[in-house]
Amino acid sequence: MAEQIYFFKKNIIDIDNTEVTMTITDATATNNGQDFIDYVRNRKNDSAWITTGSNDAANTQIDIDWITGRDVKDIILVKHNWKNYTIQYYDEGTASYTDFNPAISVTNSTQETSHFEFASVETSMLRIIITGTQTANADKELYQLIVTEKILTGQLAGWPIIKNPIHSTNKRKTKMLSGKTNIAESLGFFSCDLSVASWKIDNDLDIVENIYFRREGFLVWLCGGDETQFSTERIGYRKEDIYLMRPSNDYEPEFRQGQYQQGVVINIKLEESIN
Amino acid sequence: MSVIRVYLKPFNENDEYVTDWIDVTKDVEVNSLGSITREIENNEYDVGVLKYNQIKLTLRNTDGRYSEAGLVDSIFKIRRNKTQVKFTWDIQPFPLHCGVVEAGECYLLDDEVIIFEGYLSDLSFTTNIQDQKANFSVLGFESVFKETEFPFASAGNGDTIEELLKIALNQSNITQLLTYDDANINVDLDITVDDVSSLENKTVQEVLDFLLLLSNSTLIIQDRTIYVRSLDENPTPDPAYYFYGQASLGGAENIMSIEDIRTGINRTFNLWTWKDTDLAARENTSIDMNGVRKKEVDFQGITNNTNRQAILDNLRDEWGNAKQEFILTTPMKYDNLSLKFFDQVSIDYPPIFYEFDSNPLALYDLAIYDQAYYPLSQWALVIDPNERFKIMGIEMNIKDFTIDYRLRKV
């Protein structure tokens, strides 16, 4: 079923949060990936945490601690190979790990990217236990772990046009003596515009105003978790494409044709951001 | 989101500085503010007094608050020259009050920090009646060294370099603006000066230029306190700050650019001589690699050849080999505003790897030959995070809120 665009707050365990510790426990693996577990929070999908020599019986456990209690309502696992797993949070009241509501206890999953929504909890720790991979006894891998909550209602009710989607590599061109071009490129960033000719949905406009004035990056999920709604699976619209972005233009809420009872003309220019 | 504020501290009727700072931010023409630069004097030789740029400051003077002393509405009572100035930076545009803040919602709770302090110079003051603006130059406090004479009468033959530095710096003209403490004066090589006659009729600035060079030391003004310290140091295991490049996997990207990358040969001197003597100190490996780059010391106040040779050897050890230098630009934040001169930083700028044919980047010890693919890569610049670079210059661009650090490899 088609899904609208999601907006989430910045990942609680983002790489620039220096208070986060992540601990792997795996009795079987020859390398449990502890040295690079931080890759799952570095915003990049070209690096990952992976074990060596693990198997399904190892019950690989990942403990995440970010010290300060924060509200959590959403968890996203980006590009994984887990078949059976549970995720719990630490409840200060009971001093124990507790299920979310609804509980995250997955079996027979074939998903590569998974999004879990649950009743908000305030916590500072998570525990993930992986009891099986989609290929039996394969090494576990995970590209990104996002612990967050939606911005207000989080998901738009409307359907803005996604205009000017650009995957820029910041090309700089110079000419050689032969006339051929030398192109120097950087790692790149993503940008796009969200455009609505007449927007009247209050919840959506509240989200728009929040992202303009929150003065911090936020996560944008263009496919909303459903990449099949597009005729073809392209970069930027895949389930794994979740970008930390900020608006690069100013908020201009002009009523369409100047008529107050019309909707507001909105054109949000979003750019992938470092903060 | 962040804001710059400007404060003045003029003299009162008794020619003493008033107690409280006066906030003049609302009268500041923001376009008049440029960059604030502090760096070790670095013409060809990196030893000397810390230099501040002159900052142009333009104030709206419609109500005459900044007119010359003695006029009715002027805040300046006795004189305007030498009025203290400070610039501060605050990440929040509003003052903070007691209350409740939700974790993760408020950007940062912190006070404004001082990014520059100095004093007004009437030497270049201008104004005109059309726009009624007061145009000032704001000089860094080190400018007082140029305006203060070395107290030659207090010096004597046989004083060491460190003793002469203390005599030069511990004067009321300097200490009314800056904090001085003998304990903060520590040169690298402390040599006896046999003949101080060449220091007569010199400014403190001129004397500092001699003595800091000879002792392989530098002078820094930090938090309005004078420090003299050695240039010689080793890499530290715990850097003061970490910078991460665009392809770094270990931290959030905070390098905007790296420019003016040099090998450091421009500041390499591998043959040191003493004028009118046959004394010399050579760094032969550097000479073989880079050719002779000669520097001559000309100071007749030291006549003992053993001491002269010790100075030449020390300078050769410091400057004999090339050390990479470049300018690193980063967004201005509280944690990097606290960085000081000679703080050592780590820079993680790995090769930029690209997935080959949509295959994930291979990791050694995990990838399997004949299955995984080597990535495509960009190798134009690679900096190992285990190396250390020390800060030799700081330039704050207060319009873009970025900082340029001039770095030199340790």
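A crossing of two helices is called left-handed if the near helix is turned anticlockwise from the far one by less than a right angle. In this predicted model, helix α1 of chain B passes α3 of chain B in a left-handed crossing. The predictor gives the complex an ipTM of 0.73 and a pTM of 0.79. This briefing describes the helix pair, a sheet in chain B, and several individual residues.

**Confidence in chain B**

- Chain B has an average pLDDT of 85, and 89% of its residues score at least 70.
- Where pLDDT is low, the predicted coordinates should not be read in detail.

**The helix pair α1 and α3 of chain B**

- Helix α1(B) covers residues 161–169, and its axis comes within 10 Å of the axis of α3(B), with a crossing angle of roughly 155 degrees.
- Because angles over 145 degrees count as roughly antiparallel, α1(B) is roughly antiparallel to α3(B).
- On the α1(B) side of the contact stand B:Ile161, B:Leu164, B:Leu165, B:Ala168 and B:Leu169. They meet B:Val204, B:Leu208, B:Leu211, B:Leu212 and B:Leu214 of α3(B).
- Helix α1(B) is mostly covered, with seven of its nine residues buried. These buried residues are B:Ile161, B:Glu162, B:Leu164, B:Leu165, B:Ile167, B:Ala168 and B:Leu169.
- The packing partners of the buried residues of α1(B) are α2 (172–175), α3, β9 and β10 (225–230) of chain B.
- In α3(B), the buried residues are B:Val204, B:Gln205, B:Val207, B:Leu208, B:Leu211, B:Leu212 and B:Leu214.

**The residue after α3 of chain B**

- Helix α3(B) is followed by B:Asn216, which has a positive phi near 55 degrees. This positive value occurs in a residue other than glycine.
- B:Asn216 belongs to the loop between α3 (204–214) and β9 (217–222) of chain B.
- With a relative accessible area of 0%, B:Asn216 is buried.

**An open sheet in chain B**

- Six strands of chain B form an open sheet with antiparallel pairing, in the order β2-β1-β6-β7-β8-β5.
- The edges are held by β2 (22–23) and β5 (55–60) of chain B; each has a single partner strand, so one side of each is left without a neighbour in the sheet.
- Strands of a sheet pair through backbone hydrogen bonds, either parallel or antiparallel.
- B:Lys56 has B:Ser137 in β8(B) as its bridge partner.

**Backbone features in chain A**

- The peptide bond from A:Asn101 to A:Pro102 is cis, with omega near 0 degrees. A:Pro102 is part of strand β6 (residues 96–106) of chain A.
- A:Asn164 is not a glycine, although its phi is positive, at about 50 degrees. This residue is located in strand β10 (residues 161–168) of chain A.
- A:Asn164 counts as partly exposed, at 45% relative accessibility.

**A loop residue in chain A**

- A:Glu233 is placed in the loop between β14 (218–221) and β15 (242–247) of chain A.
- A:Glu233 has a relative accessibility of 48% and therefore counts as partly exposed.
- Leaving aside residues up to four places away in sequence, A:Glu233 touches A:Glu227 and A:Arg238.

Technical notes:
Residues numbered from 1 in each chain as written. Chains lettered and ligands numbered in written order. Predicted model: local features only at pLDDT ≥ 70, side-chain atom pairs only at ≥ 80, totals over all residues. Heavy atoms only, no water. Pairing = 2+ DSSP bridges. Helix = DSSP H or I, 4+ residues; strand = E, 2+ residues; numbered from the N terminus. Buried < 20%, exposed > 50% of the residue type's maximum accessible area, 1.4 Å probe, protein only. pLDDT = per-residue confidence, 0-100. Contact = heavy atoms within 4.5 Å. Axes fitted to C-alpha atoms, helices over the stretch in contact; angles between N-to-C directions. Parallel < 35°, antiparallel > 145°, perpendicular 65-115°, else oblique.
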